[in-house]
Amino acid sequence: MKLNIALLAGDGIGPEVVDQAVKVVNAVAAKFNHEVNWTSALTGAVAIDAVGEPYPDETHEVCMAADAVLFGAIGHPRFDNDPKATVRPEQGLLKMRKKLGLYANVRPTFTFPSLIDNSPLKRERIEGTDLIILRELTGGIYFGERGRKDDGNTAFDTCTYTREEIQRLAKLGFELAMTRGKKLCCVDKANVLESSRLWRETVQDMEKDFPEVEVTYEFVDAVAMRLVQWPKSYDVIITENLFGDILTDEASVISGSMGLMPSASVGIHTSLYEPIHGSYPQAAGKDIANPLATVLSAAMMFEDAFGLKEEAELIRSVVNKSLTEGIVTEDLAGKDNKAYKTSEVGDWLAKNI
Ligand code: IPM
Ligand code: MN
């Protein structure tokens with residue numbers, strides 16, 4: 001099979017982790033006789049530096065022409081510490097999500113048997129966790145009207161959702177639940193927010209179309225607590241953009257490291273696969289970042305974008321093997337064990353494939 005993949009390494013540790021995923025994808029492709037055609041394109045701070053724009057049109061064309069996008073990370077501290085910056089790397093990510101129509105972000109949370117004790121949470125709480133947070137990705141406060149008034153002394157961001165936006169996300173949630181534990185939890189703040197009330201109303205209206213799915217409604221503040229207390233009680237969670245952003249970082253604690261969590265963003269055009277972690281600038285260029293979230297995102301890409309399940313399973317099993325054998329970066333190694341470099345982990349994975 002021909003696999004046309006757009007490669008957007010981005011900023012910070014992005015290029016390093018993406019490099020390892022490329023090694024793994026190439027190894028899998030060689031083994032299964034696939035032909036990979038990589039096309040690299042600029043995004044994030046590096047794109048701002050090169051062409052003054054974090055998601056240039058040229059990059060968008062590369063993404064549109066590809067079968068899948070593999071993405072690293074975006075962001076640079078030079079912009080974080082400058083609230084007056086008018087162009088920011090993150091705008092590139094948001095523009096990319098919007099222009100590719102990636103309205104659903106699939107973020108699975110699961111545990112790795114060999115890493116259960118890496119989590120600060122108790123083993124009996126987390127062992128066997130298998131949940132997916134389906135985060136709405138192209139609406140809400142991230143894209144609502146915003147601005148300043150009163151000579152810059154008042155600022156506002158607005159959270160807006162249409163029924164259609166909620167429906168298309170919720171439909172994916174119901175369908176996903178049907179393939180799994182048939183439980184769907186709609187997370188909102190309907191006791192306060194009007195947009196949340198529209199979420200709840202819309203999802204309630206859809207329940208009759210999926211009679212087998214058991215639907216619950218919970219407030220986001222309560223879920224923030226229950227997610228780390230009773231993660232096994234969740235199957236599929238659907239939620240709006242900002243709540244999903246926050247809850248998925250929280251959920252990564254269950255797995256033991258943010259460096260492990262992959263994601264897929266799907267919707268209208270080319271799907272995108274990316275680790276949920278950010279650009280981790282403190283580690284950039286040091287060859288110490290954990291590449292596994294990106295490698296596992298590539299596994300999701302094989303399975304979802306290309307329908308190649310066996311290839312995806314091979315990647316997951318080799319990742320598990322690296323964890324069991326301790327071929328891991330410093331975030332997972334613990335102070336008494338050898339920590340491997342990012343590139344060493346990638347080489348080891350490719351060789352074992
Ligand atoms: C994520 C990130 C992004 C987000 C940032 C970098 C804009 O935190 O993918 O979760 O908030 O969506
Ligand atoms: Mn985030």
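**Overall fold and selected residues**

The chain carries 14 helices and 12 strands, where helices (H or I, at least four residues) and strands (E, at least two) are DSSP runs numbered from the N terminus. Its radius of gyration is 20 Å, close to the 20 Å that the globule rule gives for 353 residues, so the chain is as compact as a globular protein of that length. Here the radius is taken over C-alpha atoms, and the rule is 2.2 Å times the number of residues to the power 0.38. This is a predicted model, in which local features need pLDDT of at least 70 and side-chain atom pairs count only at pLDDT 80 or more, while totals for chains, interfaces and linings use all residues. Residues are numbered from 1 along each chain as its sequence is written, chains are lettered from A and ligands numbered from 1 in the order in which they are written, and side-chain values use heavy atoms, with hydrogens and water left out.

Along the principal axes, the C-alpha atoms fill a box of roughly 55 × 50 × 45 Å. Buried residues account for 52% of the 353 in the chain; buried means under 20% relative accessible area, exposed over 50%, and partly exposed in between (1.4 Å probe, protein chains only). As for contacts (heavy atoms within 4.5 Å), of those between residues at least 6 apart in sequence, 74% join residues at least 24 apart.

On the charge side, the mean positions of the 38 positive and 53 negative charges are 2 Å apart. Lys and Arg count as positive and Asp and Glu as negative, with His and the chain ends not counted; each charge is placed at NZ of Lys, CZ of Arg, CG of Asp or CD of Glu.

The chain splits into domain 1 (1-108 + 258-353) and domain 2 (120-255), with bounds from an automatic or database domain assignment. The C-alpha centres of domain 1 and domain 2 lie 24 Å apart. The contact takes 17 residues from domain 1 and 17 residues from domain 2.

Now for some individual residues. Thr342 sits in helix α14 (residues 342-352) and is buried, at 0% relative accessibility. Leaving out residues up to four places away in sequence, Thr342 touches Glu16, Gln20, Asp287, Ile288, Ala289, Pro291 and Thr329. The C-alpha atoms of Thr342 and Ala289 are 5.7 Å apart, although 53 residues separate them along the chain. Asp287, one of the residues touching Thr342, belongs to the loop between β12 (272-275) and α11 (292-305). Asp287 is partly exposed at 24%, and its phi is near 60°, a positive value in a residue other than glycine.

Asn33 also has a positive phi, about 60°, without being a glycine. Asn33 falls in the loop between α1 (14-32) and β2 (35-40) and is exposed, with a relative accessible area of 67%.

Ser263, in strand β11 (residues 262-266), is buried at 0% relative accessibility. Beyond its neighbours within four places in sequence, the contacts of Ser263 include Asn105, Val106, Arg107, Tyr273 and Met300.

Met206 is part of helix α8 (residues 194-206) and counts as buried at 9%. Setting aside neighbours within four places in sequence, Met206 meets Gln167, Ala170, Lys171 and Phe174. Its C-alpha atom lies 8.0 Å from that of Lys171, 35 residues away along the chain.
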